[in-house]
Amino acid sequence: MLIDPVTLVVALIIASTPVLLAAIGELVVEKTGVLNLGVEGMMIVGAVTGFIVAVETGSVTLAYLAGMAGGMVLSALFAILTQVLLSNQVATGLALTLFGIGLAALLGVGYPGSTPPRVPDIFPQALQDIPIAGPILFGHSAMIYLAVMLVATVWYVLQHTRTGLILRAVGESHDAAHALGYKVIRIRILAILFGGACAGLGGAFLSVARVQNWIEGMTVGAGWIALALVVFASWKPWRVLFGAYLFGGISALQLRLQAAEVNVPVALLDSSPYVVTIIVLVLISSDRARAALNAPASLGKVFHASG
Amino acid sequence: MKLTRRVLTATALATGLVAGSAIAQDDPFTVGFIHVGSTGDMGWTFTHDQGRIALDEHFGDAVETVVAESVAEGADAERVMTQMILGGADMIVATSFGFGPAVNAVAGRFPDVYFEHATGYLREHPNVSTYDARFYEGRAVMGHIAGHMTESNIIGYIASYPIPSVIQGINSAYLHATQVNPDVEFRVIWANTWFDPAIEADAAQALIDEGADVIFQHTDSTAPHAVAQEAGAFAFGQANDMSQFAPAPRISAIVDNWGPYYIERAQAAMDGTWEQTAAWQGLSEDRILIGEISEAVPEEVRASAMALRDSIASGEYHPFTGPINQQDGTPWLAEGETPEDGPLAGMGFFVEGLTVELGN
């Protein structure tokens, strides 16, 4: 039996969105020169706070806002530790992930098995019934479209606005930006909070819309995939979108190949999302001189105004 | 890893005190549980923790339990078990297959401590027992229901890893689905994980997109149920009843029931009658239970499924009763023949009619 491309595309879009949201937030954080390895922790806290609010209030919008707030609170902790107390970003980020997973488990006690409200589709049924284009373009909940719009916005702001220029300047050379009078620490803290909100939103989408349940440890590495995507996409927003859809697409495809009983070794299918995504993104960023230019020069470096 | 110590409050003692009052006064018998997953998974580890709670409640003050969750299989497990024993544990219950080598290594160093290892097969020291449940008996009943309930005649199966207990489950479900509906086809996806809600949901969606309208799962989360609900397909609870999805999509469940086993073993250890065993119990010992079959299932199917359950529980019928051929057509069981426990426990092939291949 052949794989139905329409359901495949629908599945890949939904499967990719949590990772996409987290990755686009992390991209902005890294563009300002901060490496926050706590994405997984922020995602899972967003997943649990979003789910709790969804169950308690019955509102999907409030749930997403709560997920963003949850991720932001955790990222604020990271911001204070790394930007004010000048702790090591790698170690702090890793600790943030461990802390987030534990905190989420604690907050979520009693919630596994609760039923969240249904996430509404935003387009009328008539549009969704259009063959092929209907389910692919109009068959989703609002967050799917917001995620794509977020990518476009991040791209536009970073590439075409003064704000973007300042953000990038802080990431390329915090000393130069500081000398020009930009508040390096303040800008970085805001970027970190934005990243936290995005990761939390990704987590909330996962628990409220995709899995529709809170289960301890449910992100199972999605945050790490988001981090990897940012690097392989060489810090370019549209490539993050492409990478996320590619990863989600191959994941969805390999499950469908198994269901359709195509004779390919399972181990190969299972590893294919990782292998294909890495190969493709390495190929498109293979011009080493240009790729190196994309990595923010001050990434992961501690800034102190007296230096 | 979280280590929590739970001491019962005085109010919970009323019923339990009778059982073990002789040693209840000063030094409670301490049982340490180590899990690979979290007790909040609503599946495998959750049901083991329910067993622990039953143990606690049964003995009251006489037994104290200690829990370590999310312990990695390997050296870390050795460290956690050693720590528990030095902290006073008299019995260790390890609830994942992969803890086997660590359990035996620690058991060699502490010959006075009793070890119970779920789904394991390594018993290198006289103080190590293994225990398992005959999940395939439950799968037979689920397969029977699935064969009746499918309209597309395509049944989806989300499998974890190609190990004997999973293979037994697929075979048993398939044999009993085709028994009532010879046109049934099984589509199996190897998720290569015990627990990943996102992948489990994707796998369920992929099976539904391929036309499946009944979904089995041998993975631990409820994610496939949420997908099935949306698509109007049916599913079965795994390890835990998952009754929040009843009456549909969850139409029945295989429920693990470890409490009585833990109570029996702790009692034996306290009495000094504990002996090394390799327990493999099923429906007849209530080690697994059939979750309530919901009203989404027609009355006569509910009745025939329960009749099947009863005939397995009474020992009258074995879910693997010949004639059964292996996938490649070689005969496995002759007419009326049933397998020995040894070869069945190591089952590594599919039965004739299944088109799935062994993963890896």
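Is the crossing of H11(A) and H12(A) left-handed or right-handed? Keep in mind, as you look, that this is a predicted model. Select residues 222–232 of chain A for helix H11 and residues 237–259 of chain A for helix H12, and you will have two helices that pack at an angle of about 130°, with their axes 9 Å apart. The crossing of H11(A) and H12(A) is right-handed.

Now show the side chains where the two helices touch: Ile225(A), Leu229(A) and Val230(A) come from H11(A), while Val240(A), Gly243(A), Ala244(A) and Phe247(A) come from H12(A). Of the residues in this contact, 6 are nonpolar, 1 is polar and none is charged.

Next, select residues 162–172 of chain A, which form helix H8, together with residues 184–210 of chain A, which form helix H10; their axes come within 10 Å and cross at roughly 105°. That makes H8(A) roughly perpendicular to H10(A). Here Ile166(A), Leu167(A) and Val170(A) of H8(A) meet Val184(A), Ile187(A) and Arg188(A) of H10(A), and these residues divide into 5 nonpolar, no polar and 1 charged.

Finally, display both chains and turn to the contact between them, to which chain B gives 36 residues and chain A gives 29 residues. The area buried between chain B and chain A is about 2700 Å², with 52% of it given by carbon and sulfur atoms. Across this interface there are 4 salt bridges; select Arg256(A) and Asp209(B) to see their side chains meet in a salt bridge, at 2.3 Å from N to O.

Terms used: Residues numbered from 1 in each chain as written. Chains lettered and ligands numbered in written order. Predicted model: local features only at pLDDT ≥ 70, side-chain atom pairs only at ≥ 80, totals over all residues. Heavy atoms only, no water. Axes fitted to C-alpha atoms, helices over the stretch in contact; angles between N-to-C directions. Helix = DSSP H or I, 4+ residues; strand = E, 2+ residues; numbered from the N terminus. Left-handed = near helix turned anticlockwise from the far one by under 90°. Contact = heavy atoms within 4.5 Å. Nonpolar A, V, L, I, M, F, W, Y, C, P; charged D, E, K, R; others polar. Buried area = accessible area lost by both parts, 1.4 Å probe. Parallel < 35°, antiparallel > 145°, perpendicular 65-115°, else oblique.
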